[in-house]
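Subject: Structure handover

Hi,

Here is the structure I promised to pass on. Please open it alongside this note.

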There are 2 protein chains.
Amino acid sequence: MSTPVSQGLAPGAMLGILGGGQLARMLALAAADLGIRAHVFAPEADSPAFDVAARHTVGEYEDEAALARFADAVDVVTYEFENVPAATAAFLAARTQLHPGARALAVTQDRLSEKTFVSGLGLAVAPFRPVDSLVDLETAVAALGRPSILKTRRFGYDGKGQVKIAPGSDLAEAYEAIGHFPAILEGFVPFSREVSVVAARGADGAYAAFDVCENEHRDHILAFTRVPARLTPGATRTAIEAAHRIGDALGYIGVFAVEMFVIGDGESVIVNEIAPRVHNSGHWTSEGAETSQFHQHVRAVCGFPLGSAARRGRVEMENLIGDAALRWRQLLAEPGAHLHLYGKRDVRAGRKMGHVTRVVPEKN
Amino acid sequence: MSTPVSQGLAPGAMLGILGGGQLARMLALAAADLGIRAHVFAPEADSPAFDVAARHTVGEYEDEAALARFADAVDVVTYEFENVPAATAAFLAARTQLHPGARALAVTQDRLSEKTFVSGLGLAVAPFRPVDSLVDLETAVAALGRPSILKTRRFGYDGKGQVKIAPGSDLAEAYEAIGHFPAILEGFVPFSREVSVVAARGADGAYAAFDVCENEHRDHILAFTRVPARLTPGATRTAIEAAHRIGDALGYIGVFAVEMFVIGDGESVIVNEIAPRVHNSGHWTSEGAETSQFHQHVRAVCGFPLGSAARRGRVEMENLIGDAALRWRQLLAEPGAHLHLYGKRDVRAGRKMGHVTRVVPEKN
C-alpha cells in the first residue's frame, strides 16, 4: 500500500519463507491477515504451505540460481526450521533481509555452540563436554557420570541423534549409534518436567514473551502443551528473563522458543535448547493468546510493532500425530475445541497432521 | 485424508469459491485451518483471494468451458456474492454440489421475490409494491405515501439503485434515476437503527446464530458493527427466530445474514434484506466468537458439524474504508485491536481495504 522504507515493510510486501511444512503454512496464513503475501521456497513439490501462499518455488536449498530469483522476488526472508544451511543463509542475507539472522542459526544449529553460548550468558544448563572421539567420550563419561546422554552436535530433533549412556552401556556401541558424528555428552539432570518460553523480539529490540508453557512428550514427540506451567513465581521470572537475555545476546528478530527442564517441583529451571523459529509448543497461542506466535513472528520480521502476548485463559494444545487426525469430525463437534489441520495428504505414523487447542477462560 | 462420502466431505477436499474479493479470501483462510483447499474462480486477475488459494481460475461467470473445468476440479462450490448469475448457478449445480443452493440465490437476488418470500413466512417487512412502469410508481406512491424509497429489484448494494421519494420529488425523474429497471417501492419505516443476524444452517438442518449485532453505516457503506445490539430480550428472540425460519424455508446450507430495522428503542424489528453469504456485519466473529463466520460457512458447506457461535465479549468491528487503512501501523500498535487487511494493492475512496476488531471480555 506504500513503498517499503528501509528496514520496515508495509502491507503488500512479500514475505519469503524457507521450508514448506505446517509452520510455514501457519506463518503464511498469519501474514495474509496482515495483508502480507507469502512466497514459500521448499524442495518438496507437495509442501503443505504452497496451498496458502501467493507464490512458491520448488527448489533445493543449495540451488543458488533459484535462491537468487527468490531473494529478488521477496522483501524479507524467514524460515520455519533451524537447519537452514549456513551457505544458504549467507547467500540470502547478502541479497535481502534475513530474519532471524545468520548468528541465530549458527549458534542454535550446533549443540556445543548453543550450550557454550547459553552458559556464557550466566544461565544454567546441564553439564556438558564435547565429544569428537571415543577417547573423548570415555573422558566425558568419567567426568559427568552415568546416566548421561550422548547427542550429535548437529541435525538432531524429536529424539533423533541421541543415545542414553546407562550404567551398563558400552561406550563404543553408543558412539557407533550416533554415527561417529561430532557430539556432546550431557550430564543427567533429574528434571520433573519440560517447559518452554516462546517469545518475540522486535526489530526495535522490544521483547514480548508468551506465558511459560508445559510440554508433555510421547515417543520423543510433543504430545500436549498446557499453559500456565506449574512453576513458582520465581522460576517463572527466571525463565522469562533467560529467554530475554538470549534474544538480546543474539540480536534476534522474530519468534523463538527456549526449551527448559524443571528442577524439583517447579522451583527452578535450566535451559535445554533454543529453537530460532515459531515452535510447536507455541501453537496454543492461536486461540489462547491475544496475538498468535505466527502473527507475532510476521510482525517482528516485517519490522511492525509486536502485539500483546497476553493469555486468554487456561489453554491446552493437543498434537494430532498420525491417525489421531482421523478423529477430525469428533473434534469439530467438541464444544470449545479448535481444530487445525495442516493439509497433509497422507497420514503416517509419527507425522504431525494437525493440532487442537482448548481454552478455558479464567475468572478474574 | 479419506475419500469424501456422499454429501459430506473430508479434510483434503477442494472447496470452490466464486468471487475473489475479501470474503472469498477469508473463506479460503478459514478452509485452510480445517485442511480444506480452496479453488477461487473470479474474473479479475488481481483478485485478493488468489493469494491464499491452492488453485485459481481467472474466468468470466458465463464461460461454460471454464466453469465445467472448475466444477470437475472441486468437491463443492460456494460463493461470496449474491449476484451469481442464475445460469451459472444452475450449470454448476448440475455438475457438483452448490451451497447455498440455487433457491437461496433466486429469492435473494430480487427484492420483490425476497420481500414476498419473507412476508409469506409471517415475518414483518416494510410495506412494498412492485413498480414496472411510471404508472405503477404513481399508484404505489399513492398507496404507501411519502417519504418512500424506490429500489431496483436486482443488483442493488451499498445504496446503489435506490432513490428516495420525498414530499417534493418528481416521480418521472425518480423512475429515470433508477434506469427504468423493474423495481419496488418500499414504504417509509421510522427505524431507529439497523441490526443483523448472521447465522448458519448445517447440511443436517442444525441452526446456529451469532448474537444480534448493530450496524452503523456511513455513505451507505457499513462503518461499524457492535455486539450485542441494543434490543429488548423479546426483540432479540424475534430476530434470531426470524433468521431461523428464513434458513429453514430456503433449505439453506451455509452462513447467511438477515438485515433488520429496529423500531422504537429496540422493542421490535422488521426484516430488511437477506444476504446468502458471509457478511461484512459478521466480521466481528473472527476474534469475537468461538467460531468465525468463515469457519462456520466452510463447516456448513462441507457437511461438517457447526461450531459454537458463542460470543467472547463486547465486540466492535470497524471497517477500514479507503485511506483509513493507511492507519495500519497505529492499529497494529493499539492494545486489543486485531487488524485484518485484504491484500488489495490500490487504496481507493469507498473501497473496503480491511477491518479491525476489538473485544472487551465481559464479567460473568
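This is a predicted model: local features need pLDDT of at least 70, side-chain atom pairs count only at pLDDT 80 or more; totals for chains, interfaces and linings use all residues.

**The contact between the chains**

Together they bury about 3500 Å². Carbon and sulfur atoms carry 57% of that area. There are 0 salt bridges between chain B and chain A. Polar contacts do turn up: 12 residue pairs across the interface, with both residues at pLDDT 80 or more.

**B:Ala235**

This residue sits in helix H8 of chain B, which covers residues 233-250. Is B:Ala235 buried or exposed? Its relative accessible area is 1%, so B:Ala235 is buried; the cut-off is under 20%. Leaving aside neighbours within four places in sequence, B:Ala235 touches B:Gly266, B:Glu267, B:Ser268 and B:Val269. B:Val262 is 27 residues away from B:Ala235 along the chain, and their C-alpha atoms are 8.8 Å apart.

**Aromatic pairs**

The count is 14 aromatic pairs over all chains. Two of the pairs in chain B are described here.

Take B:Phe41 and B:Phe70. Their ring centres are 5.1 Å apart. Their planes meet at 55°, so this pair is tilted. B:Phe41 belongs to strand E2 (residues 37-42) and B:Phe70 to helix H2 (residues 64-73), so the pair ties together parts 29 residues apart in sequence. Both B:Phe41 and B:Phe70 are buried.

Now B:Phe191 and B:Phe261. Here the ring centres are 4.2 Å apart. The planes are at 20°, so the pair is stacked; the cut-off for that is under 30 degrees. B:Phe191 lies in strand E10 (residues 191-201) and B:Phe261 in strand E14 (residues 254-263). The pair therefore ties together parts that are 70 residues apart in sequence.

B:Phe261 has a relative accessible area of 9%, so B:Phe261 is buried.

In chain A, one aromatic cluster is formed by A:Phe41, A:Tyr61, A:Phe70 and A:Phe81.

Best wishes

Note on methods:
Residues are numbered from 1 along each chain as its sequence is written. Chains are lettered from A and ligands numbered from 1 in the order in which they are written. Side-chain values use heavy atoms; hydrogens and water are left out. Buried area is the accessible area (1.4 Å probe) that two parts lose on being put together, summed over both. A salt bridge is a side-chain nitrogen of Lys or Arg within 4 Å of a carboxyl oxygen of Asp or Glu. A polar contact is a pair of N or O atoms within 3.5 Å; within protein, one must be able to donate a hydrogen and the other to accept it, and residues adjacent in sequence count only if both atoms are side-chain atoms. Helices (H or I, at least four residues) and strands (E, at least two) are DSSP runs, numbered from the N terminus. Buried means under 20% relative accessible area, exposed over 50%, partly exposed in between (1.4 Å probe, protein chains only). Contact means heavy atoms within 4.5 Å. Rings of Phe, Tyr and Trp (its six-membered ring) pair if their centres lie within 6.5 Å; planes under 30 degrees apart count as stacked, over 60 as edge-to-face and the rest as tilted.
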